Amino acid sequence: MSRYRPPRTPSAPYITRAGAESLKAELDRLWKVERPKVTDAVTEAAKNGDRSENGDYIYGKRRLREIDARVRYLTKRLETITVIAQPPPDQSRIFFGASVTLKSEQGSIQQIHIVGADEIDLKIGKISIDSPLARALLGKSAGDVIEFVAPRGLELKRVARVDYTLLISAETSAR
């Protein structure tokens, strides 16, 4: 059995201004707050002698590797992402940053916001631009019917409303 895993397809390099600020804050917190704390704990644990059976030392070293990996990822990601801070010229169509109200065949209403892969939060309706639903929505307008493959199977939804107020309000609050 091989350990080879094919490389992941890279996610879209887009992010909202709020998402970029969140990533920068996480990087800052990890680098300036959490890593020094863990380094101090590892140093203290190393003074206790035998490191092979020292749980604090072993856990601390593992946590340092996790922090360093996340710091490397965030640093690379922040260098390669494109911050989208303004809505598109044609705000009647769905693009990155759009808030979309969808209506199902049964009449249920769903509100989603299309964001970058680093900002996904399904509890508040933020979905990735790389998701099947977002890909089906891109370029559509209010009144259009979309068809996409969901975990339950093929679904049909009608676009009830397209809005860019979240993207616009994030832009104006950053000024």
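**Figure 1. Asp130 is a partly exposed residue, with a relative accessible area of 29%.** This view, like the others, shows a predicted model. Asp130 sits in the loop between β5 and α3, the latter covering residues 132–137. Leaving out residues up to four places away in sequence, Asp130 touches Ser11, Ala12, Ala117 and Arg135. Arg62 is 68 residues from Asp130 along the chain, and the C-alpha atoms of the two are separated by 32 Å.

**Figure 2. Five strands form an open sheet of mixed pairing.** The strand order is β5-β4-β3-β7-β6. At the edges are β5 (126–128) and β6 (145–150), each of which pairs on one side only. From one strand to the next, the twist averages 45°.

**Figure 3. Strand β3, residues 99–104, is largely enclosed by the rest of the structure.** The reason is burial: 5 of the 6 residues of β3 are buried, so the strand has most of its residues covered. In the sheet order, β3 stands between β4 and β7. Strand β4 (residues 109–115) runs antiparallel to β3 and is joined to it by 5 bridges. The hairpin of β3 and β4 has 4 residues between the strands, and in it Gly107 takes a positive phi near 100°.

**Figure 4. Strand β3 also pairs with β7, residues 153–163, in the antiparallel sense.** This pairing extends over 6 bridges. Val100 has Val162 as its bridge partner in β7. For Lys103, the partner in β7 is Arg158.

**Figure 5. The largest nonpolar core has 21 residues.** Within this core, Ile94, Val100, Leu133, Leu137 and Val159 touch the most other members. At least two residues of the core come from each of β3, β4, α3, β6 and β7. Helix α3 gives the most, with 4 residues. The contacts of Leu133, aside from neighbours within four places in sequence, are with Leu102, Gln110, Ile112, Ile127, Ile146 and Phe148. Another core, of 15 residues, lies apart from this one; among its members are Ala20, Ala46, Tyr57 and Val71. In soluble globular proteins, nonpolar side chains tend to be buried together.

**Figure 6. Helix α1 runs from residue 17 to residue 46 and has a kink.** The helix has 30 residues and reaches 42 Å from its first C-alpha to its last, close to the 44 Å expected at 1.5 Å a residue. The kink is about 35° and is centred on Leu30. Leu30 is also one of the buried residues of α1, which include Gly19, Ala20, Leu23, Leu27, Glu34 and Val38. Towards the end of the list come Val42, Ala45 and Ala46, likewise buried. An α-helix has 3.6 residues a turn, so residues three or four places apart point the same way. The cover over the buried residues of α1 includes β1 (14–16), α2 (55–80) and β2 (82–84).

Note on methods: Residues are numbered from 1 along each chain as its sequence is written. This is a predicted model: local features need pLDDT of at least 70, side-chain atom pairs count only at pLDDT 80 or more; totals for chains, interfaces and linings use all residues. Side-chain values use heavy atoms; hydrogens and water are left out. Buried means under 20% relative accessible area, exposed over 50%, partly exposed in between (1.4 Å probe, protein chains only). Two strands pair if DSSP finds at least two bridges between them. Axes are lines fitted to C-alpha atoms, for helices over the stretch in contact, and angles run from 0 to 180 degrees between N-to-C directions. Contact means heavy atoms within 4.5 Å. The expected span of a helix is 1.5 Å times one less than its number of residues. The bend at a residue is the angle between axes fitted to the seven residues ending there and the seven starting there. A nonpolar core is a set of buried Ala, Val, Leu, Ile, Met, Phe, Trp, Tyr and Cys residues joined through side-chain atoms within 4.5 Å.
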